[in-house]
Amino acid sequence: MSELSEDEKRLRAWSDQHALNPRARKYPLPSKWRNRISTTIAVVVSAIFYAVLLFGLGRCIGQVMAQTAGQPSVQNPFERGAPPPRRRETPERPQAAPAGPSDAEIAKRLVAESIAGYDGPCACPYQHDRAGRSCGRRSAYHRPRGAAPLCFGTDVTPEMLAAARSR
């Protein structure tokens, strides 16, 4: 036998490989069990989906078919001329006349008066200065000395409420 060159050896190996498997696959085929399992899962999921769908449709159709012509449906008692349900008559209770503004209303008014009495732009931390920035810690409410405006309803004491009621 004659010696084959390197190129001839490679060509022969390539042709032998393609003679056995003419279509070389890039990725291996999945095993037959993997195919069977995935097919089974797909069939079971679709069967459950269609069973739920048919069960729901069957219930709807069953409710419609079960109703006789003169009876109202279970969902809507007002359909097909059914009388509306009776409302219980409750006696009207006399309401007490308000004695005056509530504590919350008085506190809100006192806070508004206190803020209006402050002549700067930053009386309370939730207000904004002329440039549009939030006052926050720069407000008169947080300064230790000077004006102490009322900014929140919790700042109003019971004595202030009593004095405002007496006015």
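Me: Is Arg138 buried, partly exposed or exposed?

Reply: This is a predicted model. In it, Arg138 has a relative accessibility of 37% and counts as partly exposed.

Me: Which residue forms a salt bridge with Arg138?

Reply: Arg138 forms one with Asp129, and the closest N and O atoms are 3.3 Å apart. Salt bridges with shared partners connect Asp129, Arg133 and Arg138 in one network.

Me: How far apart are the closest N and O atoms of Arg133 and Asp129?

Reply: For that salt bridge the distance is 3.2 Å.

Me: And is Asp129 buried or exposed?

Reply: Asp129 is buried, at 13% relative accessible area. Arg133, by contrast, is exposed, at 52%.

Me: How many salt bridges are there in the structure?

Reply: There are five. One of them pairs the side chains of Asp103 and Arg165, at 2.5 Å from N to O.

Me: Where do Asp103 and Arg165 lie in the chain?

Reply: Asp103 is in helix α3 (residues 103–117) and Arg165 is in helix α4 (residues 158–166). The pair links distant parts of the chain, 62 residues apart. Asp103 is partly exposed at 40% relative accessibility, and Arg165 is partly exposed as well, with 44%.

Me: Turning to the cysteines, how many disulfides does the structure hold?

Reply: The structure holds two disulfides. Cys122 is joined to Cys135, with an S to S distance of 2.1 Å, and Cys124 is joined to Cys151, with the sulfur atoms 1.9 Å apart.

Me: What is the handedness of the link of Cys122 and Cys135?

Reply: The link is left-handed, with -70° about the S-S bond. The link of Cys124 and Cys151 is also left-handed, with -90°.

Me: What is the pairing when the bonded cysteines are numbered in sequence order?

Reply: The pairing is 1-3, 2-4.

Me: One more topic: which residues form a nonpolar patch on the surface?

Reply: Ile37, Ile41 and Val45 form that patch, and together they have about 290 Å² of accessible area. Val45 belongs to helix α2 (residues 32–66).

Methods. Residues numbered from 1 in each chain as written. Predicted model: local features only at pLDDT ≥ 70, side-chain atom pairs only at ≥ 80, totals over all residues. Heavy atoms only, no water. Salt bridge = Lys/Arg side-chain N within 4 Å of Asp/Glu carboxyl O. Helix = DSSP H or I, 4+ residues; strand = E, 2+ residues; numbered from the N terminus. Buried < 20%, exposed > 50% of the residue type's maximum accessible area, 1.4 Å probe, protein only. Patch = residues over 30% accessible without salt bridge, like charges linked within 9 Å, V, L, I, M, F, W, Y side chains within 5 Å. Areas by Shrake-Rupley, 256 points an atom, 1.4 Å probe, with all protein chains shown as cover. Disulfide = S-S within 2.5 Å.
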